[in-house]
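This briefing gathers a few local features of one protein chain, grouped by topic. Please keep the sequence and the three-dimensional view at hand while reading.

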Amino acid sequence: MDTTPPQPRTADDERTLLVKVFGKDRPGITTGLFATLAAFDVDVIDIEQVVTRGRITLCALVTPPAGGAPGAEGALRATVHRWAEELRLQAEIISGTGDNRPRAEGRSHVTVLGQPLTASAVSALTRQVTAQGGNIDRVFRLAKYPVTAVELAVSGVATERLRAALALEAAVQRVDIAVVSAGLERRAKRLVVMDVDSTLIQDEVIELFAAHAGCETEVAEVTAAAMRGELDFAESLRARVKLLAGLDAGVVEKVRTEVRLTPGARTLIRTLQRLGYQVGIVSGGFTQVTDYLVELLGLDFAAANTLEVEDGRFTGRVTGEIVDRAGKARWLARFAEQARVPLEQTVAIGDGANDLDMLNAAGLGVAFNAKPVVREAADTAVNVPFLDTVLYLLGITREEVEAADELHGTPPE
């Protein structure tokens with residue numbers, strides 16, 4: 001028995017027909033076109049269809065009519081045009097040779113987020129793609145709100161080179177951009193680990209505690225300096241925690257009620273979980289709050305510092321291993337090992353300098369509304385206040401998210 005796979009009927013020098021139909025969209029157009037072509041025994045080589053504001057553009061690349069009978073191609077052309085006219089569509093049939101050219105080496109997915117996404121920004125970014133020697137093979141929209149998100153499939157230029165050029169242009173155009181290598185690895189990221197303060201939540205937890213201790217201003221100043229990378233995190237943590245000495249530990253319940261999730265946090269987590277991702281948090285904050293978030297959101301992993309308590313009051317010290325910049329990267333690796341996920345298939349999200357080691361260790365590091373030093377070092381930066389926009393960087397569309405929510409009866413966030 002011959003098990004050799006069948007070879008395509010078209011070689012690079014063999015004739016093909018590009019059939020293009022466009023006009024007002026309605027049900028049945030795609031079926032009608034291929035039913036018309038079926039009468040001429042053609043093979044379908046490629047299909048592309050897009051609908052924009054109710055207007056359809058449908059392209060079919062096919063072989064000439066089988067057998068090459070005289071007049072068969074002319075009959076095909078006449079029949080397609082007649083069918084299109086009956087539906088008040090326009091049709092164009094172009095003769096040529098072969099299939100699409102193979103994509104050049106160096107393939108990337110470029111995700112662009114804008115609020116709004118202006119024509120001048122798109123022009124500038126695509127001009128940079130061309131300047132770097134790349135070609136845009138395909139473009140489609142991922143989301144229309146709360147931001148406009150589009151994805152470009154680019155070939156012909158190395159991902160790192162493209163990322164560097166587009167990052168500079170994106171900063172000028174005030175849009176967010178992510179450039180990742182194409183391939184199975186992009187779809188295989190199965191563990192997402194994020195920072196907590198100013199990432200998963202809108203607050204700095206130690207400042208919430210400090211407000212109850214009457215030292216909020218002093219703590220906030222130290223926190224800001226640490227996040228900018230001006231202070232060693234472990235040293236700054238001890239200095240801030242010391243200011244909480246004597247505070248009644250019962251304040252934990254009050255602080256938990258004051259925590260505000262970042263917009264889009266619930267949507268991000270439940271969508272990832274529906275896709276089979278495992279989700280964890282790692283924080284320079286405190287287990288007194290992260291334990292609550294684990295229960296609230298159904299998270300798989302968590303690591304944070306623990307405020308020491310004696311006789312019902314905080315001692316001004318932390319216990320156990322301090323979760324600092326290096327510690328966050330270690331916990332990412334531990335979570336990955338427990339989840340049986342290679343590090344290159346992980347995503348890390350954070351905003352501060354103490355997140356940098358974790359962002360660099362992950363397969364994809366996302367700086368979320370981050371400090372300048374973090375934006376410059378991370379793989380990509382998101383500067384809109386919606387945490388679920390990270391889904392678009394993974395190729396997940398807004399329509400897919402909403403369809404899943406509707407299926408499960410989940411109300412919008």
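Which residues of helix α6 (residues 205-213) are buried? The model is a predicted one, and in it the buried residues of this helix are V205, I206, E207, L208, F209 and A210. Just after α6 comes G214, which takes a positive phi of about 75°.

**Charge at the surface and in the interior**

- K24, R26, R53, R55 and R88 gather on the surface, where they form a patch of positive charge.
- One of these residues, R26, lies in the loop that runs between β1 (15-24) and α1 (29-38), and it counts as partly exposed because its relative accessibility is 31%, a value between the 20% limit for buried and the 50% limit for exposed residues.
- E169, a residue of helix α4 (residues 159-173), is buried yet has no salt bridge.
- The nearest side chain of opposite charge to E169 is that of R127, which is 5.5 Å away; this pair is not a salt bridge, because a salt bridge requires a side-chain nitrogen of Lys or Arg within 4 Å of a carboxyl oxygen of Asp or Glu.
- When residues up to four places away in sequence are not counted, E169 touches A124, L125 and Q128.

- K20 lies in strand β1 and is partly exposed, because its relative accessible area is 28%.
- Although K20 and I93 are 73 residues apart in sequence, their C-alpha atoms are 6.2 Å apart in space.
- With its neighbours within four places in sequence left aside, K20 is in contact with T57, L58 and C59, and also with Q90, A91 and E92.
- V318 belongs to strand β12 (residues 313-319), and its contacts, leaving aside neighbours within four places in sequence, are V241, F286, N305, T306, L307 and E308.
- Between V318 and G395, which are 77 residues apart along the chain, the C-alpha atoms are separated by 40 Å.

**Backbone geometry in the loops**

- As background to the points that follow, most residues other than glycine have a negative phi, and most peptide bonds are trans.
- Q115 and P116 are joined by a cis peptide bond with an omega of about 5°, and P116 has its place in the loop between β5 (107-114) and α3 (119-131).
- A cis peptide bond also joins Y145 and P146, with omega at about 0°; P146 is located in the loop between β6 (135-143) and β7 (148-155).
- D311 is a residue other than glycine, yet its phi is positive, near 55°; its place is in the loop between β11 (301-310) and β12.
- Is D311 buried or exposed? D311 is exposed, because its relative accessible area is 81%, and exposed means over 50%.
- R340, likewise not a glycine, has a positive phi of about 60° and is found in the loop between α12 (325-339) and β13 (346-350).
- With a relative accessible area of 77%, R340 is therefore exposed.

Notes:
Residues are numbered from 1 along each chain as its sequence is written. This is a predicted model: local features need pLDDT of at least 70, side-chain atom pairs count only at pLDDT 80 or more; totals for chains, interfaces and linings use all residues. Side-chain values use heavy atoms; hydrogens and water are left out. Patches are made of residues with over 30% relative accessible area and no salt bridge: like charges are joined within 9 Å, nonpolar side chains (Val, Leu, Ile, Met, Phe, Trp, Tyr) within 5 Å. Accessible areas come from the Shrake-Rupley method with a 1.4 Å probe; for residues, only the protein chains shown count as cover. Lys and Arg count as positive and Asp and Glu as negative; His and the chain ends are not counted. The place of a charge is taken as NZ of Lys, CZ of Arg, CG of Asp or CD of Glu. Helices (H or I, at least four residues) and strands (E, at least two) are DSSP runs, numbered from the N terminus. Buried means under 20% relative accessible area, exposed over 50%, partly exposed in between (1.4 Å probe, protein chains only). Contact means heavy atoms within 4.5 Å.
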